[in-house]
Amino acid sequence: MRQDEPRERTPRSEAVSEIIQEVGDELTAAVAVPGELTYRTLDKFFTFVGGATSLLGRALGYVLRASIDVRETFNQMSAIGVASLPIVLVTVTFSGMVLALYSAQTLVTYGFAGTLVGGGIGLSIAREIGPVLTAVVVAARAGSAMAAEIGSMKVTEQVDALRALAVDPVQYLVVPRLVAAVIMLPVITVLADVVGTAGGYFVAVINGVPGGGFISSLQSFVEISDIINGLLKTLFFGATIAIVGCFEGLETRGGATGVGQSTTRAVVLSIVLIYILNFFLAYLLFGGRESV
């Protein structure tokens, strides 16, 4: 009987070792998948940052040398700015009206309506609502159009045809869109600020805020530097929208499906970068004012 015991234990030990090996393989796979996903995400992120930065540098080189197609730039100014103006005005106007509704209802209760509502609405629109919402709307409308248009040209080999004709796609496609976006974002933001503040004034007066108090509060709290700094942010937003849209368009692969994917990525990346930039710009332009 003792001679048979090793023969009985051997299959059991093999089974145990197989189970341990399988468990180890599962744990290794579970640990490897997040690591692989993180590596792919970081690789795509740094590839995007490097490619977009290189594209921006090449485009700025043409701008500094004044190698700009003026006619195409005006066409892009119309497509980016004028065509986006109605939806920008509607968005910012109703945002200002909602802000005024909440502010008026709250501050009228505590007796501060005449001294705070106008200034609060004016500062919010000049510093944040006007520039940020304008950039988001333009990114959704014009940024997606840039990516789709250039992406369609890429998959149909029109971009390669430009290179064959000794025409740099960056100069012909990217520079006019970059210049147009940087010029038009501040322009339509000014109009959005005015219309948004007017909408806020209308709603505030309806909800019990004295019109004269609203105007005097607006004049007391809002300084010209607030408006200028808000417009300064839109220069960076406009450049971001143009570079991201053009970069995603030039990197398009895979036919019609690739064009759709590039368009989606352009909108998502533009909006995310706009909010990230907004934080740092707001900190630099407004955050440290009290401590200086």
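I take buried as under 20% relative accessible area, exposed as over 50%, and partly exposed as in between. The model I am working from is predicted.

**Entry 1. Glutamate 149 and its partner**

I started with glutamate 149. Its relative accessibility is 39%, so I log glutamate 149 as partly exposed. Its side chain meets that of arginine 177 in a salt bridge, 3.0 Å from N to O. Arginine 177 belongs to helix α6 and glutamate 149 to helix α4 (residues 113-155), so the bridge ties together parts 28 residues apart in sequence. I then looked up arginine 177. At 1% relative accessibility, arginine 177 counts as buried.

**Entry 2. Other salt bridges**

How many salt bridges does a search of the whole structure find? I get six. Side chains of opposite charge can pair when their charged atoms come close.

I looked next at aspartate 168 and arginine 58. Their side chains form a salt bridge at 3.2 Å, N to O. This pair links distant parts of the chain, 110 residues apart. Aspartate 168 sits in the loop between α5 (158-164) and α6, and arginine 58 in helix α1 (residues 5-64). Is aspartate 168 buried or exposed? Its relative accessible area is 18%, so I note aspartate 168 as buried. Arginine 58 has 44% and is partly exposed.

Then I checked arginine 265 with glutamate 248. This salt bridge is 3.0 Å, N to O. Arginine 265 lies in helix α9 (residues 255-287) and glutamate 248 in helix α8 (residues 224-250). They are 17 residues apart, and the pair links distant parts of the chain. Arginine 265 is partly exposed, at 36% relative accessibility. Glutamate 248 is buried, at 5%.

**Entry 3. Helix α2**

I tested the length of helix α2 (residues 70-82). With 13 residues at 1.5 Å a residue, α2 should span 18 Å. The expected span takes one less than the number of residues. The end C-alpha atoms of α2 are 17 Å apart, which agrees.

Which residues of α2 are buried? I list Glu72, Thr73, Gln76, Met77, Ile80 and Gly81. Looking down the axis of α2, I find these buried residues within an arc of 145 degrees, so they line one face of the helix. Arg71, Phe74 and Val82 are exposed on the other side of α2.

I also looked at the start of α2. There a side-chain oxygen of aspartate 69 comes to within 3.3 Å of the backbone nitrogen of arginine 71.

**Entry 4. Helix α7**

The buried residues in α7 are Gly211, Gly213, Phe214, Ser217 and Leu218. They cover an arc of only 165 degrees around the axis, which puts them on the same side of α7. I find the exposed residues Gly212, Gln219 and Ser220 on the face of α7 turned away from its buried side.

**Entry 5. Aromatic pairs**

I count two aromatic pairs. One is formed by tyrosine 201 and phenylalanine 214. The pair is edge-to-face, at 5.2 Å centre to centre with 75 degrees between the planes. Where do its two members lie? Tyrosine 201 is in helix α6 (residues 169-206) and phenylalanine 214 in helix α7 (residues 211-221). They are 13 residues apart, and the pair links distant parts of the chain. Tyrosine 201 has 32% relative accessibility and counts as partly exposed. Phenylalanine 214 has 1% and counts as buried.

Phenylalanine 279 and phenylalanine 280 also form an aromatic pair. I read 5.2 Å centre to centre and 75 degrees between the planes, so by the cut-off of over 60 degrees I log the pair as edge-to-face. Both phenylalanine 279 and phenylalanine 280 are exposed.

**Entry 6. A charge over a ring**

I checked tyrosine 62 for a charge over its ring. Arginine 65 lies over the face of tyrosine 62, at 4.8 Å from the ring centre.

**Entry 7. Alanine 148**

I finished with alanine 148, in helix α4. At 25% relative accessibility, alanine 148 is partly exposed. How far apart are the C-alpha atoms of alanine 148 and threonine 252? I read a separation of 9.1 Å, for residues 104 apart along the chain.

Note on methods: Residues are numbered from 1 along each chain as its sequence is written. This is a predicted model: local features need pLDDT of at least 70, side-chain atom pairs count only at pLDDT 80 or more; totals for chains, interfaces and linings use all residues. Side-chain values use heavy atoms; hydrogens and water are left out. Helices (H or I, at least four residues) and strands (E, at least two) are DSSP runs, numbered from the N terminus. Buried means under 20% relative accessible area, exposed over 50%, partly exposed in between (1.4 Å probe, protein chains only). The arc is that of the directions from the helix axis to the C-beta atoms. A polar contact is a pair of N or O atoms within 3.5 Å; within protein, one must be able to donate a hydrogen and the other to accept it, and residues adjacent in sequence count only if both atoms are side-chain atoms. Rings of Phe, Tyr and Trp (its six-membered ring) pair if their centres lie within 6.5 Å; planes under 30 degrees apart count as stacked, over 60 as edge-to-face and the rest as tilted. A charge sits over a ring if NZ of Lys or CZ of Arg is within 6 Å of the ring centre and within 35 degrees of the ring normal. A salt bridge is a side-chain nitrogen of Lys or Arg within 4 Å of a carboxyl oxygen of Asp or Glu.
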